[in-house]
Amino acid sequence: CMFASIIGKGFVPAPRFFAGKAVAPPASIKPRQKFSFAAMSLDGLDAETVFNTPCVGYTYDDLISLPGHATQGAGEIDLAARFSRNVTINSPLVAAPMDTVCEGRMALACALSGGIGVVHCNCDADYQAEQVALVKRYEHGFIMDPHTLSQLSTVDDFDNIKQRFGTNTVLITEGGVMGSKLAGIVTSRDVELVEDKKTKLGEIMTPKSKMKYAMEPISLSQAMEQLRQKKVGKLPILNEGDELVAMVSRSDLKKGRSNPLAAQDANKQLMVAAAVVPRKSERDRVHKLIEAGADVIVLSTSQGDSAQQVDFLKWLKHEYPTVDVVCGNVVTPRQAKPLLDAGADGLRVGMGCSSLYSGREACVIGRPQASAVYHVAKFAREYGVPVIADGGVQHSSHVSMAITIGASTVMCGALLAGTSEAPGEAFWHDGQRLKLYRGLGSLELEGSQQAQCGAACAVIERGPAALLIESLLEGVRRDLRRLGSNNLTQLHEDLYTAGVRFQVRTAGGYGPTFAFAIA
């Protein structure tokens, strides 16, 4: 019916779009050639036409993008994306805040691969803050709070720090705290053969006179260069009064070489986000998470357009104006507007599109995900705010389609739930090794009580997350190359200037299995 009006009024050649610009057919070509040129110009439809078709909503599988002119190899495609207004990561993959998907280990794997993990809040605040701190401690620039003890501390004290934090090195200062004069250093090699655990560290430490150290002022690159030249594992940084102010570690230098795409903050620490339910009772949780080093706070509710979330957002932005806050979930510009006006730095888009729903199950409230992402992303673009496509992602092609229609990043739940880093133990069933995966929907009851009503299932174990993420990103790079886009910024510019063209699949386009299922 979309072309009925065109046929009824007579054929009118449409302009040919190339890189977002209309190109008219040359005046010198013959009539038959003019018809061919006009036919070429009708290859597919622009996003504005597709998504504004009355009474029709599209999922990722309903659409297919037409290829563009490839100018670079797949390995040269830049997947850097904005997770929120001020936080940029090096890949568009985000681990969803679900208790069977993302805790510290998963957030760590995502950050090392260039993405970011959102640590779930279905636990007590201290445990969640501990998972955030695990990610922030993994890799450092300047370590501003190294583990310190005094000369009067014992081997028992060293063992306690080693057991609790996994560190093998402790700096010895006169007061046992940062800001005191450096006295020496103790490593696991110094204590492993000591039988008396009450031995003072001052008796077995390597004194400052035999240590290598650097003096302020010094940049991070200079400190790392001195670390290479002096061939030591740890390099303390001292001020003019020989007081300890920071430290750099050789292990961070090696980690940086092994993971060149790692998502890092200004201090070269890995980036991590944390989820919070927007209730007054959760304000103390926010304090603990930010103190632990969370880069972004993600407000976790299925219905984002609520007075409760707007009030919590305003409070959070007033208390921590430099911390980015991602809100959601929303599926329409009308839902998004109150959150954007209140200062949201990012939006999660998705409702009723979870991969936990079966193909025959229809959700009463929500919106087809592709239509939701396009309309909210276009509206949020006016505020300079990126959107996160949350839900319905089952493979790399869905990730590619989500970012093609305007999403900056894509939140993955089921895709990552079966990996080794996902919380929970694997189990065997009918010869397959599985892991539990469940949603976190909740029914609000009287008072503060909640009943968990999220659907649950088991997914096949998929091995290490790093290998799976690498495979997904390769698929996304391949798709962007076929579209003719070298990065996400160029892709979105082409989207909003009609440079990216789409066609709608028929039932046969999904394959015989789908056609049989809907028959």
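Predicted model: local features only at pLDDT ≥ 70, side-chain atom pairs only at ≥ 80, totals over all residues.
The protein chain, seen through its secondary structure, comes to 19 helices and 27 strands, where helices (H or I, at least four residues) and strands (E, at least two) are DSSP runs numbered from the N terminus. Residues are numbered from 1 along each chain as its sequence is written, and side-chain values use heavy atoms, with hydrogens and water left out.

Of the 519 residues of the protein chain, 48% count as buried, buried being under 20% relative accessible area, exposed over 50% and partly exposed in between, with a 1.4 Å probe and protein chains only. Among contacts in the protein chain with a separation of 6 or more, 64% come from residues 24 or more positions apart, a contact being heavy atoms within 4.5 Å.

Let me turn to the aromatic rings. Rings of Phe, Tyr and Trp (its six-membered ring) pair if their centres lie within 6.5 Å, and planes under 30 degrees apart count as stacked, over 60 as edge-to-face and the rest as tilted. By this rule there are 6 aromatic pairs. One of them joins Phe 51 and Phe 502 edge-to-face, at 6.4 Å centre to centre with 75 degrees between the planes. This pair links distant parts of the chain, since Phe 51 sits in helix H3 (residues 47-51) and Phe 502 in strand E27 (residues 501-504), 451 residues apart. Phe 51 and Phe 502 are both buried. A tilted pair is formed by Phe 312 and Trp 315, with 5.5 Å centre to centre and 50 degrees between the planes. Phe 312 and Trp 315 are separated by about one helical turn, because they are 3 residues apart in helix H12 (residues 307-319). Phe 312 counts as buried at 3% relative accessibility, and Trp 315 does so at 14%. Ring pairs also link Phe 51, Tyr 58, Tyr 374, Tyr 496 and Phe 502 into a cluster.

Tyr 374 brings us to helix H14, where it is one of the buried residues. H14 (residues 369-381) has 13 residues and reaches 18 Å from its first C-alpha to its last, close to the 18 Å expected at 1.5 Å a residue, the expected span being 1.5 Å times one less than the number of residues. H14 is mostly covered, with 11 of its 13 residues buried.

How does H14 pack against helix H13, and at what angle? H13 (residues 333-341) and H14 pack at about 35 degrees, with their axes 9 Å apart; axes are lines fitted to C-alpha atoms, for helices over the stretch in contact, and angles run from 0 to 180 degrees between N-to-C directions. On the H13 side the contact is made by Pro 333, Ala 336, Lys 337 and Leu 340, and on the H14 side by His 375, Val 376, Phe 379 and Ala 380.

Also in H13 is Leu 339, which is buried with a relative accessible area of 0%. Not counting residues up to four places away in sequence, Leu 339 touches several residues, including Val 310, Leu 313 and Cys 327.

Cys 327 itself counts as buried, at 0% relative accessibility. The structure holds 0 disulfides, a disulfide being a pair of cysteine sulfur atoms within 2.5 Å. For Cys 123, the closest cysteine sulfur is that of Cys 121, at 7.3 Å, which is too far for a bond.
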